[in-house]
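Good morning, and thank you for making time for this item.

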Amino acid sequence: MKELKASMAGTVLNVLAAEGQAITPGQAVLTIESMKMEIPVEAEFGGKVEKIHVEVGGFVNEGDVLMTVGE
Amino acid sequence: MKKILIANRGEIARRIIRTCNRLGIETVAIHSEADGDLPYVSEATEAVLIGPNPVVQSYLQKDKIIEVAKKHGVEGIHPGYGLLSENADFARKVAEVGMVFIGPSSDIIEKMGDKIESRKTMIQAGVPVVPGTEEGVTTLEKALEEAQKIGYPLMLKASAGGGGIGMVRCESEQALTQQFASVKNRAKAYFGDDVVYLEKFIADARHIEVQIFGDHHGNLVHLYERNCSVQRRNQKVIEESPSPNLPQNVREQLCEAALLAGKAVNYTNAGTVEFIVDSNNEFYFLEMNTRLQVEHPVTEEVTGLDLVEWQLTVADGGRLPAQDTIQTSGHAIEYRVYAEDPKTFFPSPGKLEKLQWGEGARIETGYEEGNQVTPFYDPMISKVIIHGKDREEALSKSQNFFNHVTISGVKTNIPLFKEFIVSEPFASGDYATAVLPEWIEKSKEENTL
């Protein structure tokens, strides 16, 4: 199980992947808004999304786990 | 006015407080939970916690802000820039409760906020506008039909848009087809209105704007122009006045056109008429900003005037001086220091561990050492404004200044300034709006940034 973490603090604008969905490295899975800028979060690794730990409108800090991804 | 409320935060709130203090006007500051420690909060006469950190729950709470204003007995509300400064509904509500909105009337804000409406007004007034659609476009079919007449490349823009949001360059029919729905959706999401329009893309253009001011006695003056062509993500990074490489006769024509634009709507208070100027010095109206702008200190430095004082004077019913009394001296450049990665432009929030500025510049900042730059608001940490007897001196002073700045805790774009201001395209003054992204691209290829 791997963890996809937030690289900066911000508000979750949208979640582009669903639990159970297969994702590939480089795929945009989430958008975070920080300092009035929309930043796409791309998966650093592929796999199946096991759990999404955030919700749209929620605030995340740098290092917070956004998703756990299984093999 | 004896007391005003500032419906804004950070640097601009601090800037307004400074002038009010000098004029003996009391100030009421509002702040979110995250901003409680910022200097403007303690520098105001009174301060009120307005709500949680997201702007929609704090700085955009129109009714709550007006309630605070009433409770604290203020006579006027200064909206600063951004946030509610160009919100016609807010301006109207302020006026309805008998307070002074320190800016133009809600009618003017509304008219100029609608880009299609403002284009029509300018055409009627005889101000040149960029060739484009006269009415809003709602279907892709119509957009493709209009695009045939205008020609590619073109800009697809949200009618209610601004600040680079809801604006896309389309090189071909295929690009327009791909982007149309997305721009409409973004326009709806950001501005609550999905009307879009098309404009011809002007290549190698400079973004030059003219500061205007109107009073309630029918006087309208200009305070010359600023070149704002150094941009990233369609947002300004460096502004300067006077605009380099602009023939004097074109400068005069631009200022005259800006006055024509202002007269067309009986403009009052501070406003800016933005133009794009092509490589043949032909210019076109882009939009009118109905507020004080971030880059106003550039104009203040060359004219020696205090634009916030002028705003207060006009709002209080005072008269503007005659045009021929407004003169300029020397050259001023403003650099917007952002908390962002200088290569990727990605935001870099964090604690300002060190914030030490050098000598020789006017610093407008909302922060002090030890403050947090939070992810909730704009990434601008400060504005650095440098004035010289000419452009050469201003650039030389800029180099010296940036070599003596220490900021740690967040990444900033200062390393970029240090390299960029000595680069050929900027130093020569012969640059258009693509100068910064093009220079960054080239520097990356050459590994010099």
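Let me begin with a definition: buried area is the accessible area, computed with a 1.4 Å probe, that two parts lose on being put together, summed over both. The size of an interface is often given in this way, as the accessible area lost when the parts come together. On conventions, this is a predicted model, in which local features need pLDDT of at least 70 and side-chain atom pairs count only at pLDDT 80 or more, while totals for chains, interfaces and linings use all residues. Residues are numbered from 1 along each chain as its sequence is written, chains are lettered from A and ligands numbered from 1 in the order in which they are written, and side-chain values use heavy atoms, with hydrogens and water left out.

First, the domains. An automatic or database domain assignment sets the bounds, and for chain B it gives domain 1 (3–102), domain 2 (131–200) and domain 3 (206–445). The contact, meaning heavy atoms within 4.5 Å, takes 31 residues from domain 1 of chain B and 29 residues from domain 3 of chain B. Between them, these two domains bury about 2,400 Å², with 56% of it on carbon and sulfur atoms. Their centres, taken over C-alpha atoms, are separated by 24 Å.

How many salt bridges are there between domain 1 and domain 3 of chain B? The count is eight, where a salt bridge is a side-chain nitrogen of Lys or Arg within 4 Å of a carboxyl oxygen of Asp or Glu. On the side of domain 1 that touches domain 3, the largest share, eleven residues, comes from helix H1 (residues 10–23) of chain B. Helices here are DSSP runs of H or I with at least four residues, strands are runs of E with at least two, and both are numbered from the N terminus.

Next, individual pairs. Arg22(B) meets Asp306(B) in a salt bridge at 2.8 Å, N to O. Arg22(B) lies in helix H1 and Asp306(B) in the loop between helix H10 (296–303) and helix H11 (307–315) of chain B, so the pair ties together parts that are 284 residues apart in sequence. Arg22(B) is exposed, at 52% relative accessible area, whereas Asp306(B) is buried, at 15%; buried means under 20%, exposed over 50%, and partly exposed in between, with a 1.4 Å probe and protein chains only. Arg22(B) also forms a salt bridge with Glu309(B), again at 2.8 Å, N to O.

Elsewhere in chain B, Glu199(B) and Arg119(B) form a salt bridge, their closest N and O atoms being 3.2 Å apart. Both partners are buried: Glu199(B) at 2% relative accessible area and Arg119(B) at 5%.

Turning to helix H15 (residues 435–445) of chain B, its buried residues are Val435(B), Leu436(B), Trp439(B), Ile440(B) and Ser443(B). They cover an arc of only 125 degrees around the axis, taken from the directions to the C-beta atoms, which puts them on the same side of H15(B). The face turned away carries the exposed residues Glu438(B) and Glu445(B).

Finally, the chains. Chain A and chain B bury about 1,100 Å² between them, 71% of it on carbon and sulfur atoms. Met35(A), Lys36(A) and Met37(A) supply 58% of the area that chain A buries against chain B, more than any other three residues. Across this interface the rule finds one salt bridge; Asp378(B) forms a salt bridge with Lys36(A), with the closest N and O atoms 3.8 Å apart.
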